[in-house]
Amino acid sequence: MGGSNLFRDIKQQLHIKSFIGTSENAVMIQIWTALITILILKALKAQAKHPWYLSNLVAFIRLNLFVKVDLHKWLDNPFAKEQPPPNKYIQGVLF
C-alpha cells in the first residue's frame with residue numbers, strides 16, 4: 001500500500017475537502033482521525049470474505065452505522081437475510 005494511495009483514499013472515501021478547525025492541534029486531530037478511520041476500513045475489507053470495493057464498504061457502513069449487527073457476519077455476507085432473534089419470553093394471555 002503506497003502512501004499516495006492512502007491519502008487518495010482518505011480524500012475520496014472520507015470526503016475531507018477542508019478542515020473544520022484552524023489551529024495546528026485541530027488539523028492534526030482531523031488528520032489522525034482520518035488516518036485511523038481509513039486504516040480500520042482497509043483492515044475490515046481485508047478480513048471480509050465478500051469482495052468489497054472500499055467505496056462500497058464506506059457507503060454501506062454509513063448506511064448501517066446505527067444498525068446492530070454482527071460486524072464480521074455482515075462483512076462476509078452483507079446481503080444475507082437476518083434471522084429474527086429467538087423469542088425467549090412468551091407472554092401469556094391475561095384475558
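## Overall architecture

Helices are DSSP runs of H or I with at least four residues, and strands are runs of E with at least two. By this definition, the protein chain of this predicted model contains four helices and zero strands. Followed along the sequence, the elements of the protein chain give the pattern α-α-α-α.

The protein chain has 95 residues, of which 22% count as buried. Among contacts between residues at least 6 apart in sequence, 51% join residues at least 24 apart.

## Helix 2

Helix 2 covers residues 24-47, which makes 24 residues. From its first C-alpha to its last, helix 2 reaches 35 Å, close to the 34 Å expected at 1.5 Å a residue.

Which residues of helix 2 are buried? They are Gln-30, Ala-34, Leu-35, Ile-38, Leu-41 and Leu-44. Ile-36 is also found in helix 2, but Ile-36 has a relative accessible area of 47% and is therefore partly exposed, since this class lies between the limits of 20% for buried and 50% for exposed.

## The nonpolar core

In soluble globular proteins, nonpolar side chains tend to be buried together. In this model, the largest nonpolar core has 14 residues. The residues with the most contacts inside this core are Leu-41, Trp-52, Leu-57, Ile-61, Trp-74 and Leu-75.

Helix 2, helix 3 (54-63) and helix 4 (71-76) each supply at least two residues of the core. The largest share, five residues, comes from helix 2. Leu-41, one of the residues with the most contacts inside the core, is also among the buried residues of helix 2.

## A nonpolar surface patch

Met-28, Trp-32, Ile-36 and Ile-40 make a nonpolar surface patch of about 420 Å².

Pro-51 lies in the loop between helix 2 and helix 3. Is Pro-51 buried or exposed? Pro-51 counts as exposed because its relative accessibility is 67%, and the cut-off for this class is over 50%.

Pro-51 and Asp-76 are 25 residues apart along the chain, and their C-alpha atoms are separated by 8.5 Å.

Notes:
Residues are numbered from 1 along each chain as its sequence is written. This is a predicted model: local features need pLDDT of at least 70, side-chain atom pairs count only at pLDDT 80 or more; totals for chains, interfaces and linings use all residues. Side-chain values use heavy atoms; hydrogens and water are left out. Buried means under 20% relative accessible area, exposed over 50%, partly exposed in between (1.4 Å probe, protein chains only). Contact means heavy atoms within 4.5 Å. The expected span of a helix is 1.5 Å times one less than its number of residues. A nonpolar core is a set of buried Ala, Val, Leu, Ile, Met, Phe, Trp, Tyr and Cys residues joined through side-chain atoms within 4.5 Å. Patches are made of residues with over 30% relative accessible area and no salt bridge: like charges are joined within 9 Å, nonpolar side chains (Val, Leu, Ile, Met, Phe, Trp, Tyr) within 5 Å. Accessible areas come from the Shrake-Rupley method with a 1.4 Å probe; for residues, only the protein chains shown count as cover. A salt bridge is a side-chain nitrogen of Lys or Arg within 4 Å of a carboxyl oxygen of Asp or Glu.
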